[in-house]
Amino acid sequence: MSCQNRLNKTFEGAARLPLNSRTKYVLISDCHRGIGTSNDNFLKNQNLYFAALKHYYRTGYTYIELGDGDELWENRSMEQIIEAHGNVFWLLSLFQAQGRLYMLYGNHDMVKKNSRYAGKIYGTYPRCCGNNPHLENQPLLPGLKFHSGIILENTVLPASMDIYLTHGHQADLFNSTFWRFTRFLVRYLWKPLERYGVLDPTSAAKNYTRKHKTEQRLHDWALKENHILITGHTHRPALSAEDPHYYNSGSCVHPRCITCLEIERMHIQLVKWTLATRPDMSLYVNRETIAGPIPLFSAPNPKVKN
């Protein structure tokens, strides 16, 4: 199956969410939550991520995770990941309780595609963290469903483009069709070698040539289908008014920051969360806009049929 066909299949029967001047979405990808060991790339940014999530929960955003939320190639146990980052899953459960949580799967957590797996882990695993003791020992995220893609449906300008969300691994044969083989290599070869600084050549995030080719395929698909496509996967954030077809939310495993995309009032902006210092030398979590905001739609697009 070609990259074009894999991406087309991703959005067959995809869930549709409304997009208008009142909706607020935050798009975060590639958290790669681990089990709290030295291989847990999320560990260094967990406080930034938790602070960002509290901000988005408090300000009424709907949280959409674009895949690779949990590192299930290097790790076998989802239970260990939940235990290591219980505060994060507790906060995600608050989003879900208000109908403001949507999750996609990527190549590193492809096992979530199986609804029985998701039901077993998130529907039976008890909450073990939080400020309300009455919530403890209740199911963590009951009824949670993982999607291959989500469409944000423009309800303001119906003749304009909708926004298509997916992880982006579909543009890479080894991380889509042959993901089990690649997982085997990561788990038993590249994970041990990572400790010595050897980078995984199959990873679009760590291999520049593969990263560029993957992004080009994603962009070409969006251009051909005349959609706005937002992905993660390559870990390289992208937002530009000059390229209205392809955007990327980045990741939560950058060396000193996390990045995400915010959609509000029919505009989109790329945001960075970092640890900063005040003049008195005290530390705080800083939110910085690094691109945008830019309007999602300037005029109805005549190529798209009603």
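1. Twelve salt bridges turn up in a search of the whole structure. A salt bridge here is a side-chain nitrogen of Lys or Arg within 4 Å of a carboxyl oxygen of Asp or Glu. Side chains of opposite charge can pair when their charged atoms come close. The model is a predicted one: local features need pLDDT of at least 70, side-chain atom pairs count only at pLDDT 80 or more, and totals for chains, interfaces and linings use all residues. Residues are numbered from 1 along each chain as its sequence is written, and side-chain values use heavy atoms, with hydrogens and water left out.

2. Start with Lys24 and Glu264. Their side chains form a salt bridge, at 3.8 Å from N to O. Lys24 sits in strand β2 (residues 24–28) and Glu264 in strand β10 (residues 257–264), so the bridge ties together parts 240 residues apart in sequence. Helices (H or I, at least four residues) and strands (E, at least two) are DSSP runs, numbered from the N terminus.

3. Arg265 forms a salt bridge with Glu264, with the closest N and O atoms 3.2 Å apart. Is Arg265 buried or exposed? Arg265 is exposed, at 59% relative accessible area. Glu264 is partly exposed, at 22%. The cut-offs are under 20% relative accessible area for buried, over 50% for exposed, and partly exposed in between (1.4 Å probe, protein chains only).

4. Next, Asp70 and Arg33. Their side chains meet in a salt bridge of 2.8 Å, N to O. Asp70 lies in the loop between β3 (62–65) and α3 (78–84), and Arg33 in the loop between β2 and α2 (46–58), so this pair links parts 37 residues apart in sequence. Asp70 is buried, with 0% relative accessibility. Arg33 is buried too, at 0%. Salt bridges with shared partners join Arg33, Glu65, Asp70, Asp109 and Lys112 into one network.

5. Now strand β10 again. Ile263 is placed in this strand. Ile263 counts as buried, at 0% relative accessibility.

6. Helix α2 holds Asn47. Asn47 is exposed, with a relative accessible area of 59%.

7. How does α2 run against helix α4 (residues 86–97)? The two axes come within 11 Å and cross at roughly 15 degrees. Axes are lines fitted to C-alpha atoms, for helices over the stretch in contact, with angles from 0 to 180 degrees between N-to-C directions. The helices α2 and α4 are therefore roughly parallel, a label for angles under 35 degrees. The crossing of α2 past α4 is left-handed, meaning that the near helix is turned anticlockwise from the far one by less than a right angle.

8. Last, the surface. Leu173, Phe174, Phe178 and Phe181 make a nonpolar patch of about 370 Å². Patch residues have over 30% relative accessible area and no salt bridge, and nonpolar side chains are joined within 5 Å. Phe174 is in the loop between β7 (163–166) and α6 (179–194). Phe174 counts as partly exposed, at 34% relative accessibility.

Notes. Patches are made of residues with over 30% relative accessible area and no salt bridge: like charges are joined within 9 Å, nonpolar side chains (Val, Leu, Ile, Met, Phe, Trp, Tyr) within 5 Å. Accessible areas come from the Shrake-Rupley method with a 1.4 Å probe; for residues, only the protein chains shown count as cover. Angles under 35 degrees count as roughly parallel, over 145 as roughly antiparallel, 65 to 115 as roughly perpendicular and the rest as oblique.
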